[in-house]
Every structure is written in structure tokens, then in C-alpha cells.
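Have the model open while you read.

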Amino acid sequence: MQAALRRGLGRAPRVLRAAEAAPRPRCAPPAPRCWSCGGALPGGAGLPRFCPDCRALQPPAPRPDLFRLLGCDRSFRLDVQQLQRRFRSLQRALHPDRFGRRPPKEQHYSEQHSSLVNKAYQTLLDPLSRGLYLLELNGVEPAQETDCDADSEFLTEIMEINEKLAESKNEDILEEIETLIKVKQEELTKEVTAAFERDDLQEAKKLLAKMKYFANLEDKLKNKKIPP
């Protein structure tokens, strides 16, 4: 019997050691609290939040999803009217003028939110920046100018438009170039839409690089049309 007890005691430390080696459950992060009154905050990380107890505006999230912020699906194809409605609604609710009598910290948060909403709107409204942002969200680096994945025929076309733009001062020719750029951008936007919808991110990346070339031409054209 004493031998059996000794055998039992000999096994106990191994059981204890196994229990000690078991991973401890991770603690959940603390619930967010209002900076002003300390009250618990509702969910909705990334969206502008007001404390339900004291109505204080909370600071913006470090890296919010701009699509979620403006109430849009995370998609290249979006409803521009819906985007504009959400933008105007947020601008009214978060405009710094509404917080003129609030504490300085809350005034600062209002300015941050307002700036962020403007950035989100400009990013999502423009097809090129919207596409580049979608690539970023999917972990795809945008094409650099040095990558030069574009075909030689496309690059030749860009060079010819560049030369025509640099040499011409004729209003009719400038209008012709402007129309050409607009048509090309519309065609590329349709192709980018199709690439994202079939989840072909590498093709979208190449097409967006082409759109960037035409966007640069568009900027040169605008500068050309500005009177000296």
C-alpha cells in the first residue's frame, strides 16, 4: 500500500506541471471609456461617436475604414449620391462651428473628424484614389512609375499626347486633348470596375497605373489653360 502511495505521489508533480504549462486565457481588452465623464462607450469603432451619458464627441480612430465612415460598401463601384448625402450629414454633425462652446479638447476632436471626413470624401469620390485605396486595404502595393508594366503602345500614346500638349497653344487642340483624356479615363474606369468585381487585384493595379498617367496629363492640361 505504501508503494502504491509513493507511485501516486510520484505522478502528482507531472499533473501539476502539465496544468501549469497550459496556456492562460487572454484577457479581453478593456471597454472604451469616454474621455470626459468616464462612461462606457457603445460599439462602432471607426465611426464618429458621442458619449451616451454626457454627449461629448470622442476622438477619431487612428486608421478608420473610409468606406465604413461614409456608409458605403467596400467596393470600387459605389453610389455617388449616397456618398454625398452621408458626407453632408457628417459635415453638419461634426463641423467645428457646432463645438465653439465645448471644451478645447472636444473642439480639437471636431477639427480632426471634419478633416478626416473631407479626406474620406475626396478619396472615395475620385475613381483613381478610390481604386488605390482599395488596393491598400487589400495589402497590394500600387504600381510605381519605375515599374513600367504598361505596354509600349500605351507609353507611346502618352508621349504623343504629352508632346502635343507641350507644343500647342490652340484652344481647339486643347479641347480635343481634354475630350480624349476624359474618354480614356471613362474607359479605364469601366475596366477597373470589372477587374475589382472579379477580384483580379493585379489587373486592377495595372489599370490604375494607366489611369495615373492620364491624371498627370489632366493636371498638365489644367495648368496649361490657366492664364499667366
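## The cysteines

Start with Cys54, which is partly exposed, at a relative accessible area of 25%. Cys72, on the other hand, is buried, with a relative accessible area of 12%. Keep in mind that this is a predicted model.

For Cys54, the closest cysteine sulfur sits in Cys34, 3.6 Å away. A disulfide needs the two sulfurs within 2.5 Å, so the Cys54 sulfur is too far from that of Cys34 for a bond.

## Helix H3, end to end

Now over to H3, which covers residues 80–94, 15 residues in total. From its first C-alpha to its last it reaches 21 Å, close to the 21 Å expected at 1.5 Å a residue.

At the start of the helix, look for Asp79: one of its side-chain oxygens comes to within 3.0 Å of the backbone nitrogen of Gln81.

## The two sides of H3

Which residues of H3 are buried? They are Leu83, Phe87, Leu90, Gln91 and Leu94. Look down the helix axis and these buried residues fall within an arc of 100°, so they line one face of H3. The general rule behind this kind of pattern is that an α-helix has 3.6 residues a turn, so residues three or four places apart point the same way.

What do the buried residues of H3 pack against? Their partners are helix H2 (66–69) and helix H4 (104–125). Turn to the face directed away from the buried side, and you'll find the exposed residues Gln81 and Arg92.

Conventions:
Residues numbered from 1 in each chain as written. Predicted model: local features only at pLDDT ≥ 70, side-chain atom pairs only at ≥ 80, totals over all residues. Heavy atoms only, no water. Buried < 20%, exposed > 50% of the residue type's maximum accessible area, 1.4 Å probe, protein only. Helix = DSSP H or I, 4+ residues; strand = E, 2+ residues; numbered from the N terminus. Expected span 1.5 Å × (residues − 1). Arc of directions from axis to C-beta. Contact = heavy atoms within 4.5 Å. Polar contact = N/O pair within 3.5 Å; in protein donor to acceptor, adjacent residues only side chain to side chain.
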